[in-house]
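Subject: Handing over the structure

Dear colleague,

My notes on what was found in it come after it.

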Amino acid sequence: MARFLSSLLMGVLVLACWSACVMAESTVEQQLQRLKENYIEMQQLLADKDRRLEALERENVKSRKTLEVQMTRLESKTRRMEIEAIEQKSQLTAMQQQNVLHSGTRAEMATRQAATPTIPRSCADVQCNGHTVSGMYSIMGNTSVEMVFCDFTKTTADPNFQRRIGYADVKTVPTYFYVQKNTSHTTAYTPIPFEVERVNIGGAMNLQTGKFTAPRAGTYFFAFTGDARFVGPRTSIVAVLVEMLWNGRRVGTARTTESNTAGSVHSQMSMQSTLHLKAGDQIWLQIGFMTSGGVAYVFDNPSADQRFNHFTGWLVEENLAGLF
């Protein structure tokens with residue numbers, strides 16, 4: 001009985017130990033499983049955190065770039081604003097200076113208004129006469145009418161306020177003539193008259209006296225071509241000289257000569273002159289020399305419409321200085 005009980009007790013102990021071992025073994029496996037699961041879960045959490053950190057980093061990089069762009073734009077805008085502020089300050093200063101100048105100009109215009117001549121001599125005079133639109137205007141120069149561009153947006157002190165374009169060909173009396181001879185002239189030292197009037201605008205050329213009288217001061221052009229006849233035969237030199245005289249003073253000579261002529265011969269002569277004349281000055285032609293004996297003279301043929309001698313002239317530019 002005692003042995004049976006001892007065996008039974010031993011069996012119970014063995015069973016209890018086995019159960020405890022089984023239970024202990026089961027608990028460790030479960031713990032390992034839970035640890036494994038916890039580890040996996042931790043890895044997933046860490047991976048999620050890494051992904052979130054990477055996303056945050058990318059967002060931070062993007063935000064930094066955006067901020068850098070915005071900062072660059074702000075800096076550029078700030079510089080532009082600073083430049084605009086400087087320009088506006090400069091414009092304000094210029095406007096203040098212009099106001100001062102315009103105040104002086106208005107005072108000058110008011111002072112000059114009463115003294116402005118009838119004919120303007122500058123853009124300032126044109127402005128004083130009431131013109132305010134910039135453009136081309138005619139003004140009186142020293143001796144002629146000039147064309148200028150007036151920029152009324154500028155002050156009179158500005159060098160571009162008045163710019164010269166050129167001059168206007170203004171003549172108070174249009175003057176030009178063209179006359180011819182139809183008879184020979186054989187008298188020396190007397191004005192050569194002309195019989196044929198082709199043009200005589202202004203009536204300054206007197207055909208009977210052979211004299212041109214300048215109606216206005218200015219620059220004139222004159223030209224003469226003529227025919228000299230030499231009666232031959234002659235072995236010696238024969239010559240004809242035609243002079244252009246200005247108030248009796250010789251200013252030009254046309255000369256032609258021949259020698260050893262077998263018979264009668266003709267020779268051409270010509271001259272041109274440009275002169276500054278005063279009103280009332282006279283120009284004429286005369287024979288200054290011709291071989292005596294009737295063997296040399298200015299020739300023309302009245303029986304034929306040939307016209308060998310021509311005298312022409314015109315007013316190139318009038319001097320208007322004394323008119324105003």
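This is a predicted model: local features need pLDDT of at least 70, side-chain atom pairs count only at pLDDT 80 or more; totals for chains, interfaces and linings use all residues.

The protein has 324 residues, of which buried residues make up 30%, and its secondary structure comes to two helices and 14 strands. If we take the contacts with a separation of 6 or more, 63% of them are between residues 24 or more positions apart.

Phe-177 belongs to strand β4 (residues 176-180) and Phe-212 to strand β7 (residues 211-213), so that the pair links distant parts of the chain, 35 residues apart. Both of these residues, Phe-177 and Phe-212, are buried.

Phe-212 also pairs with Phe-222, and here the centres are again 5.3 Å apart, but the planes stand at 70 degrees, which is over 60, so this pair is edge-to-face. Since Phe-212 lies in strand β7 and Phe-222 in strand β8 (residues 218-230), this pair ties together parts that are ten residues apart in sequence. The relative accessible area is 1% for Phe-212 and 0% for Phe-222, and because buried means under 20%, each of them counts as buried. Which residues form one aromatic cluster? They are Phe-177, Phe-194, Phe-212, Tyr-220, Phe-222 and Phe-311.

Charged side chains meet aromatic rings as well: the charged end of Lys-181 sits over the ring of Phe-194, 5.9 Å from its centre, while Lys-211 lies over the face of Trp-284, at 4.3 Å from the ring centre.

Turning to the sheet, you will find three strands in the order β1-β2-β3, which form an open sheet with antiparallel pairing. Its edge strands are β1 (135-140) and β3 (162-168), each of which pairs on one side only, and neighbouring strands of this sheet are turned by 35 degrees against each other on average, direction ignored. Strand β2 (residues 145-150) is joined to β3 by six bridges, and the bridge partner of Cys-150 in β3 is Gln-162.

Glu-146, which lies in strand β2, has a relative accessibility of 18% and therefore counts as buried. Its side chain is joined to that of Arg-164 by a polar contact of 3.5 Å, and among the residues that Glu-146 touches are Tyr-137, Ile-139 and Tyr-167.

Some backbone spots also deserve a look. A cis peptide bond, with omega about 5 degrees, joins Gly-232 and Pro-233, and Pro-233 is found in the loop between β8 and β9 (238-246). Asn-260, in the loop between β10 (249-258) and β11 (265-277), has a positive phi near 55 degrees although it is a residue other than glycine. Arg-307 is not a glycine either and has a positive phi of about 60 degrees; its place is in the loop between β13 (296-298) and β14 (310-318). Are these two residues buried or exposed? Asn-260 counts as exposed at 58% relative accessibility, whereas Arg-307 counts as buried at 15%.

Conventions
Residues are numbered from 1 along each chain as its sequence is written. Side-chain values use heavy atoms; hydrogens and water are left out. Helices (H or I, at least four residues) and strands (E, at least two) are DSSP runs, numbered from the N terminus. Buried means under 20% relative accessible area, exposed over 50%, partly exposed in between (1.4 Å probe, protein chains only). Rings of Phe, Tyr and Trp (its six-membered ring) pair if their centres lie within 6.5 Å; planes under 30 degrees apart count as stacked, over 60 as edge-to-face and the rest as tilted. A charge sits over a ring if NZ of Lys or CZ of Arg is within 6 Å of the ring centre and within 35 degrees of the ring normal. Two strands pair if DSSP finds at least two bridges between them. Axes are lines fitted to C-alpha atoms, for helices over the stretch in contact, and angles run from 0 to 180 degrees between N-to-C directions. A polar contact is a pair of N or O atoms within 3.5 Å; within protein, one must be able to donate a hydrogen and the other to accept it, and residues adjacent in sequence count only if both atoms are side-chain atoms. Contact means heavy atoms within 4.5 Å. Lists of a residue's contacts leave out its neighbours within four places in sequence.
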